[in-house]
Amino acid sequence: MLLSEAQIEAQLADAARRGEFDDLPGAGRPLQLDDDRDVPEDMRMAFRIMKNAGYVPEEVRLRGEIASVEALLREAEEPEGRERHSRRLRVLLDRLARERGRSGGDAGLATESGYFRALCARLDGE
């Protein structure tokens, strides 16, 4: 049985109200975002150098740009603007699929999102 995001959020909120998260290790302290224990030891220095230099993996950059174009598309009122943003979104999703294919990820995942399918259906209907 799959739970919706709303159901999961409700369960988490209930658990928080019951105090189930109060005595977790590190409670009340800032998160340690530089935790690299999952990075192989021989690659940690290279990853740290890239991070300090501001390197962002292509997939992460593309996801940010996709989110921006999706926001522009939602707010576009003119048909020309919607069409332009739609074309840009399709190009970005294609690039993301190719990038994920190169890195061994699921290349079809990006174009199978509910938002993308709804967008294509809407555009095909206009």
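Predicted model: local features only at pLDDT ≥ 70, side-chain atom pairs only at ≥ 80, totals over all residues.
Here are some notes on the structure above, going from the overall fold to single side chains.

1. **What kind of model this is.** Residues are numbered from 1 along each chain as its sequence is written, and side-chain values use heavy atoms, with hydrogens and water left out.

2. **Secondary structure.** The protein has 5 helices and 0 strands, and from the N terminus on the order reads α-α-α-α-α. Both element types are DSSP runs numbered from the N terminus: helices are H or I over at least four residues, strands are E over at least two.

3. **Burial and surface.** Of the 126 residues in the protein, 19% are buried. Here buried means under 20% relative accessible area, exposed means over 50%, and partly exposed is in between (1.4 Å probe, protein chains only). The accessible surface comes to about 9900 Å², and carbon and sulfur atoms account for 54% of that. The areas are Shrake-Rupley values with a 1.4 Å probe, and for residues only the protein chains shown count as cover.

4. **Contact range.** Take the contacts (heavy atoms within 4.5 Å). Among those between residues at least 6 apart in sequence, 44% join residues at least 24 apart.

5. **A buried arginine.** R82 sits in helix α4, residues 79-102. R82 counts as buried because its relative accessibility is 14%. Its side chain reaches the backbone oxygen of E77 at 3.0 Å.

6. **The nonpolar patch.** L3, I8, L12, F21 and L24 make a nonpolar surface patch of about 400 Å². Patch members have over 30% relative accessible area and no salt bridge; nonpolar side chains (Val, Leu, Ile, Met, Phe, Trp, Tyr) are joined within 5 Å, like charges within 9 Å. F21 is in the loop between α1 (5-17) and α2 (44-52), and counts as partly exposed because its relative accessibility is 35%.

7. A search of the whole structure turns up 8 salt bridges, each being a side-chain nitrogen of Lys or Arg within 4 Å of a carboxyl oxygen of Asp or Glu. One of them pairs R17 with D14, with the closest N and O atoms 2.2 Å apart. Both residues lie in helix α1, 3 residues apart, about one turn of the helix. R17 is exposed at 64% relative accessibility, whereas D14 is partly exposed at 32%.

8. **R18 and E20.** The side chains of R18 and E20 also meet in a salt bridge, at 2.6 Å from N to O. R18 is exposed, with a relative accessible area of 55%, and E20 is partly exposed, with 44%.

9. **Back to α4.** R87 and E83 form a salt bridge at 3.6 Å, N to O. The two are separated by about one helical turn because they are 4 residues apart in helix α4. R87 is partly exposed at 46% relative accessibility, and E83 is partly exposed too, with a relative accessible area of 35%.

10. **A network.** Which residues are linked in a network of salt bridges? They are E58, R61, E65 and R88.

Methods:
Polar contact = N/O pair within 3.5 Å; in protein donor to acceptor, adjacent residues only side chain to side chain.
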